Every structure is written in C-alpha cells, then in structure tokens.
Amino acid sequence: MSAPATPHAANRLDLEAIRREFPILARRVHGDRALVYLDSAASSQKPRAVIDALSHYYGHTHSNVHRGVHLLSTEATDAYEQAREKIAAFIGAASARECVFVRGTTEAINLVSQAWARPRLGPGDEVLVTAMEHHSNLVPWQMVCEQTGARLVAAPIDERGDLIVDAWRERLSSRTRLVALTHVSNALGTLNPVAELTALAHEAGARVLIDGAQGVPHLPVDVAALGCDFYAFSGHKMYGPTGIGVLWGREDVLAETGPWEGGGSMIRSVTLEKTIFADPPQRFEAGTPHIAGAVGLGAAVDWLDALEMEALEAHEAGLVDYALERLASVPEIRLIGTPRQRVGVISFVTGDIHPHDMGTFLDREGVAVRVGHHCAQPVMQHFGIPATTRASFAVHNGTDDVDALVAGIRAVVEFFA
Ligand code: PMP
C-alpha cells in the first residue's frame, strides 16, 4: 500500500479535491510527465476561484475606481474596497483602513523605508535586521541608512539557521528606531518568534516591521496578536495574482507616515501651490491601482478562509515532517537550515552536485524546485555555499510529490556518482 497523500492526523483537507481546483496541475511537462510543483515559495499556483474572479472582474465590472459616478465605476470601487475588507479580516486588522494595496512585499518595505523611516532617521539611529533576511528586507534598509546617516545593524544566525536571540537582544538599544524581521525565512524555513521579539523591540522604543511574505501563505496570521507596527506580504505567494500585495500598518502608525508617491487619488485637495493629502490608506495609493489584482486577492482570501488556515497549516506541517524523514534517507543530502521551528521550505545541497544541475535534472522528471541563492545571499555566505536546492510546499502538495522529489534526487546522485 502506498503512503497516504498526507500523513498528518489533524488533516481535514481533501487533497484530491484541492488539486482539481488548480488547473495548472493538470498540465503535463517535458513530454508526458505529471507536474510536481515544489516552488510555491517563489510563487504559488492559482486555484480556479482566483482565475475566475479576475476574468469575471474584467468581463463584467471593470472601470476605474474612486472617480466615476457611473455604475461600473461604483461597482469596481465596491469590489476593490470589499477586497480590502476581506484581507483586513483575514489578518486580524482592526479596520480595512490599515491595509494599503501595494505591488507586493518589496514595495511595502520600500514604502515604509522611504515614507516612515527616511524622515525619522539620522546619524546615531539604528535599524536592526537579521542575517536571514530576503534582499527585500535588507537592501531598502541599507539604502535608507545611506541616505540618512543611520546605521544598519544585523543580528547573526546560528549553524541551524535560527536567529541567535541573545545576540539580537544585545543589538537592540535606545538607538534602534526600527526592527525589520522576517516572519519565516524563504531560504531556510526558519519560523521566528516574532511576537516575543516585537514585545522586546517595543520595550526598547523601536517600531517593528515584519516581512510576512512567507508567513501569510502558511500560517494563520493575526497582526493584532503579533503586536507589530507594519506587516508586509505578497498576493502571488498566497494563491492570489501577481502585482498585488499589502502593507498592513497600525492605524496610528500609518497616520504618522507621510506620503510615498505623489499623484492622483492620494490627495484631499490640490492647488498650484500646495496639496493636502488624503488619509491612509488612500494617501499611499497614488494613481490607478491594480484593481483586478485586489479583487483576485480577495478571492484568494475567500478560498483560504473556506479551507481554513489551521487545516492548511496542519497539512503542510505533516508534509514537511514527512519530507524531512524521506530526505534523511539519502546520505548525500546536507540540509541547509535545520531550524527548531520550520515552515514551508526545505533547502539542501548534495555533495559536489551543483544545485543548478540538480534543478535542471529534477525539472526533466517534472519536479519543479528552485535553485540559487533565493535572494538571501547573506544566508548563503553564512553557510559558505553559493546556492541551494529548495523545495517549498503548498496546500496542493502531498507525500506523492515528496516521493517524486526524493526519487529524482536519488537518480541525480547516482548519475553523478
Ligand atoms: N521576503 C521574503 C521572505 C520572500 O520570500 C520574498 C519573495 N521571495 C520577498 C520578501 C519579496 O516578495 P515580492 O517579490 O513578492 O515582493
């Protein structure tokens, strides 16, 4: 008897039914191979509900938002704002006004670095990051420190890929104006104790931004319970469209944040001499937004709500455990990152086999994984390697996908032996 599609006792998901909701999973690749998609950390696939919501929006509702008095414009505005309400409820925001639509995590972090941090930082101030950040949560801070004379301080990680919390605490001081921290590392899978670290940062008087790009797709997230000031995430990693994401900011923190880009829709009134800016979130949404993207993200949230994030989390946790067990049966594999708490991602290297060879070979077997530095070069430097192979999991993955991965890895190892 083959292993059940998911081994986790708490699983309440009907995996085969879920798979049928993803049209792309019916695709055959490289001749007639089934697609084993293990690259959802880079971008997740889309369920039919999201694809249909986009198509329905463009086919029935589309017009520009916030401007017209005609029917389509009011319907489009309602659809856009309803999506904001759904997303706010999904992440435990106090109100939809706390959710700013952006292109994705990268834009959200750049918004905070330029609109919130830049006017506040100066020589003597510090921004505290960690050595496991994605470049999106590192480069914008390097840039704003360069622009303001503030100092960027990075807390180290240990040989498992966990944050060294004591070292992080030592670097936190009254000079720290902002702490930027990933919820889950996209390169290692490390789940950070973000609520605890946020409380410590607040005691020190710092604001806290959490990079939630790899958090929201895998865990129930409640921003109020986390206690942070900003939380950034991308729609395309949580079954929604590309080009849309959210910056959540607590109402009082967004209120103290000045404008980011200037233009239409972000103003209350304009004269040739002066502009009075709109309140958040409109203040941060200059120009025509990605209306269809927001609507599609709202549909993704409905879809996830119907599945229940707790069930998704349990399913993926079981799968990660199963994958770790199966990968341990291949002696040539060295895991990169063995964090105490892991979510969604497993990175590894295999002897001298270059990850690009591994990825290319696996692809020929129909197994899509990511290879490279995963936009986290400091993590690679920490482990003294240029790249890893990364398998990442989503709700449609089952043990059969893990088995295909392990069989593929074994074949590559034998080929290079
Ligand atoms: N942070 C993390 C942890 C990520 O995994 C990613 C995407 N790989 C990003 C930020 C950037 O997200 P996006 O490209 O959607 O802006």
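Student: Leaving aside its neighbours within four places in sequence, what is Val179 in contact with?
Tutor: Keep in mind that this is a predicted model. Val179 is in contact with Leu128, Trp168, Leu172, Ala201, Ala206, Arg207, Val208 and Leu209.

Student: And which residues touch the most other members in the largest nonpolar core?
Tutor: Val179 is one of them, along with Trp168, Tyr231, Tyr239 and Val395; that core has 78 residues.

Student: Where does the largest share of this core come from?
Tutor: From α10, which supplies eleven residues. The core also draws on both domains, with at least three residues from each of domain 1 (15-43 + 308-416) and domain 2 (51-305).

Student: What lies apart from it?
Tutor: Another core, of 26 residues, including Val112, Leu178, Leu247 and Leu254.

Student: Switching to rings: how many aromatic pairs are there?
Tutor: The structure has nine. Take Tyr239 and Trp303: the ring centres are 5.3 Å apart and the planes sit at 55°, so this pair is tilted.

Student: Why does that count as tilted?
Tutor: Because planes under 30 degrees apart count as stacked and over 60 as edge-to-face, with the rest tilted. The angle here is 55°.

Student: Which parts does the pair tie together?
Tutor: Tyr239 is in the loop between β9 (230-234) and β10 (245-249), while Trp303 is in helix α10 (residues 291-307), so the pair links parts 64 residues apart in sequence.

Student: Are those two buried or exposed?
Tutor: Tyr239 and Trp303 are both buried. Together with Phe22 they form one aromatic cluster.

Key. Residues numbered from 1 in each chain as written. Predicted model: local features only at pLDDT ≥ 70, side-chain atom pairs only at ≥ 80, totals over all residues. Heavy atoms only, no water. Phe/Tyr/Trp six-rings, centres within 6.5 Å; stacked < 30°, edge-to-face > 60°. Helix = DSSP H or I, 4+ residues; strand = E, 2+ residues; numbered from the N terminus. Buried < 20%, exposed > 50% of the residue type's maximum accessible area, 1.4 Å probe, protein only. Core = buried A, V, L, I, M, F, W, Y, C linked by side-chain atoms within 4.5 Å. Domains from an automatic or database assignment. Contact = heavy atoms within 4.5 Å.
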